[in-house]
Amino acid sequence: MAAGAHGAPGKRTLVRKPGARFESFAIESKPMEAPGPTDALLVVDVQNDFLPGGALGIARGDAVVAPLNRLLAAWRARGLPVYLSRDWHPSGHCSFAAQGGPWPEHCVAGTTGAAFSPLLVTAPQDVVISKATRLDKDAYSALDGTPLAEELRRAGVRRLFIGGLATDYCVRATGLDARAAQLDVVVLTDAVCAVNVHPGDDERALAELAAAGCQMAPTDSVLAALGRSA
Ligand SMILES: [Zn+2]
């Protein structure tokens, strides 16, 4: 059983050992190119409502915070750009159950539930991207109805590293949109977590992202690449 993924054709091959879970997909390639001025890190929706105990809490969602903080520290130490997306709904948003939507009320703009996790180390220079801010339109992708794609273009970003929540919704949609916007994408496999409304949604989302040309990489491999560039 093998799946091919070619973010840069001919440079890497994604292989799967029979019976192995997606996490054990191996990227056979030369070492990751060290992140530099044309790279950005996007942390997707690490907000209180998506963490255990939140209105739409994801089991073990808080496990993404530690690897993200490690990468954020190394990333900022090199002066590389960080973007933080957040679900930022008006009250009475169309995605809420009371309005006939699929989700309980969550991430209402300005509430504690919509705030970034206090465990996530943010910095004043990080660029915050609010999404799904319109009453009548939901948006899973951080590039949907936001200035992010234009900001990345203006900043000269060519490759986007993505971690956060949730693998099967906003990370998935963001990664696919970023590929459609001609960006190279690296999904941080240990810094994402899925809702898994249906068992296996996480693996399906990662497989879909890989098929769209996203590279799959654990945070440590990115840290190692950053270390080589130090
Ligand atoms: Zn939402």
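A residue is called buried when its relative accessible area is under 20%, exposed when it is over 50%, and partly exposed in between, using a 1.4 Å probe and protein chains only. Helices (H or I, at least four residues) and strands (E, at least two) are DSSP runs, numbered from the N terminus. This is a predicted model, in which local features need pLDDT of at least 70 and side-chain atom pairs count only at pLDDT 80 or more, while totals for chains, interfaces and linings use all residues. Residues are numbered from 1 along each chain as its sequence is written, and side-chain values use heavy atoms, with hydrogens and water left out.

**Whole chain**

Start with a cartoon of the protein chain. It has five helices and eight strands, in the order β-β-β-α-β-β-α-β-α-β-α-β-α along the sequence. Of its 230 residues, 49% are buried. Contact here means heavy atoms within 4.5 Å. Among contacts with a separation of 6 or more, 74% are between residues 24 or more positions apart.

**Helix α1**

Select residues 65-77, which form helix α1. The expected span of a helix is 1.5 Å times one less than its number of residues. For the 13 residues of α1 that gives 18 Å, and the end C-alpha atoms are 18 Å apart, so the two agree.

Which residues of α1 are buried? Colour V65, P67, L68, N69, L71, L72, A74, W75 and R76 to see them. An α-helix has 3.6 residues a turn, so residues three or four places apart point the same way. Just after α1, click on G79, where phi is positive at about 70°.

**Zinc site**

Next, select the zinc ion together with D87, H89 and H106. The ion is coordinated by OD of D87 and by NE2 of both H89 and H106, at 1.9 to 2.1 Å. Donors are N, O and S atoms within 2.8 Å of the metal (3.2 Å for Na, K and Ca); water is not among the atoms, so sites may look incomplete. Along the sequence the donor residues follow the spacing D-x1-H-x16-H. D87 is buried, with a relative accessible area of 4%, and H89 is buried at 0%.

**Helix α3**

Select residues 167-180, helix α3, and show the side chain of T174. Is T174 buried or exposed? Its relative accessible area is 0%, so T174 is buried. Leaving aside neighbours within four places in sequence, T174 is in contact with L42, V44, Y140, S141, A142, L143 and I162.

Now move to D177, also in α3. D177 is partly exposed, with a relative accessible area of 32%. Its contacts, with neighbours within four places in sequence left aside, are S141, L143 and D144. Draw a distance from D177 to A149: they are 28 residues apart along the chain, and their C-alpha atoms are separated by 9.2 Å.

**Backbone details in the loops**

- A166 is in the loop between β6 and α3. The peptide bond from L165 to A166 is cis, with omega near -15°.
- D45 is in the loop between β3 and α1. Its phi is near 55°, a positive value in a residue other than glycine, and D45 is buried at a relative accessible area of 0%.
- Q182 is in the loop between α3 and β7. Its phi is near 70°, again positive in a residue other than glycine, but Q182 is exposed at a relative accessible area of 64%.

**Cysteines**

Show C193 and C214. C193 is buried, with a relative accessible area of 13%, and C214 is buried at 3%. A disulfide is counted when a pair of cysteine sulfur atoms lies within 2.5 Å. How many disulfides does a search of the whole structure find? The search finds zero.
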